[in-house]
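Here is a short briefing for a reader who is meeting this structure for the first time. Please look through the sequence and the model before going on to the points below.

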Amino acid sequence: LQLEQAPSAKGMVKQPFPQDGTVHQVTGLAVTFLKKCMEYKPVMEEITTQASLLSAPKKDNSATSHFGAFIIQVINTLLQGLAARAEKEKNESLAAVFLLNNHNHLLKGITNGAIQDTVGPKFSVMLKRLTDVVNAEK
């Protein structure tokens, strides 16, 4: 379950930029994916724990579990991909709207108690960072 084995966030850069700055399809899919993972939290915790024992990835010490570290990886990979995608856009205003919409969509999608509890203390840091970015882009 390492994201290094998953398709790179760089693949997002190759897709056409939405001309109205709407939420990128990958952002919507990532939020849906995280919500589905939370529906199967006991199974996901077992899978991520077993996967970490087999491959010994670096667990984020501030996450409450290997599953929490996995969620952090998913969100960070998405944010990196969005930033790379926006950087390629020549129209800075459109890129700012794109980032604002995507960060706001992600923020609304991940602010529920179950994800917060799973991620642990690092969630509040991540949430503050996202909130600061959204507020700065307004």
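A contact here means heavy atoms within 4.5 Å, and among contacts in the protein between residues at least 6 apart in sequence, 76% join residues at least 24 apart. This is a predicted model, in which local features need pLDDT of at least 70 and side-chain atom pairs count only at pLDDT 80 or more, while totals for chains, interfaces and linings use all residues. Residues are numbered from 1 along each chain as its sequence is written, and side-chain values use heavy atoms, with hydrogens and water left out.

**Overall make-up**

- The secondary structure comes to 6 helices and 0 strands, where helices (H or I, at least four residues) and strands (E, at least two) are DSSP runs numbered from the N terminus.
- Read from the N terminus on, the elements follow the order α-α-α-α-α-α.
- Of the 138 residues of the protein, 40% count as buried, a term for residues under 20% relative accessible area, with exposed meaning over 50% and partly exposed in between (1.4 Å probe, protein chains only).
- The protein exposes about 8,000 Å², and carbon and sulfur atoms supply 56% of that area, as computed by the Shrake-Rupley method with a 1.4 Å probe.

**Confidence**

- The average pLDDT, which is the predictor's confidence in each residue from 0 to 100, is 78 for the protein, and 76% of the residues score at least 70.
- Among the elements, helix 1 has the highest mean pLDDT (90), whereas helix 6 (residues 122-137) has the lowest (73).
- Over residues 1-8 the pLDDT stays under 50, and the model has 11 contacts beyond four places in sequence for this stretch.
- Where pLDDT is low, the predicted coordinates should not be read in detail.

**The aromatic pair**

- A search of the whole structure finds 1 aromatic pair, counting rings of Phe, Tyr and Trp (its six-membered ring) whose centres lie within 6.5 Å, with planes under 30 degrees apart called stacked, over 60 edge-to-face and the rest tilted.
- The rings of Phe33 and Phe70 have centres 6.2 Å apart and planes at 70°, so this pair is edge-to-face.
- Because Phe33 lies in helix 1 (residues 25-39) and Phe70 in helix 3 (residues 66-88), the pair ties together parts that are 37 residues apart in sequence.
- Phe33 counts as partly exposed at 38% relative accessibility, whereas Phe70 is buried, with a relative accessible area of 6%.

- Helix 3 has 23 residues and reaches 33 Å from its first C-alpha to its last, close to the 33 Å expected at 1.5 Å a residue, the expected span being 1.5 Å times one less than the number of residues.
- Ser65, in the loop between helix 2 (41-55) and helix 3, is buried, with a relative accessible area of 16%.
- At the start of helix 3, a side-chain oxygen of Ser65 reaches to within 3.3 Å of the backbone nitrogen of Phe67, and a polar atom of the Ser65 side chain lies 3.0 Å from the backbone nitrogen of Gly68.

**Helix 4**

- Helix 4 (residues 92-110) has 19 residues and reaches 27 Å from its first C-alpha to its last, close to the 27 Å expected at 1.5 Å a residue.
- The buried residues of helix 4 include Leu94, Phe98, Asn102 and Leu106.
- His103 lies in helix 4 and counts as buried at 8% relative accessibility, and its C-alpha atom is separated by 6.6 Å from that of Leu130, 27 residues apart along the chain.

Note on methods
Polar contact = N/O pair within 3.5 Å; in protein donor to acceptor, adjacent residues only side chain to side chain.
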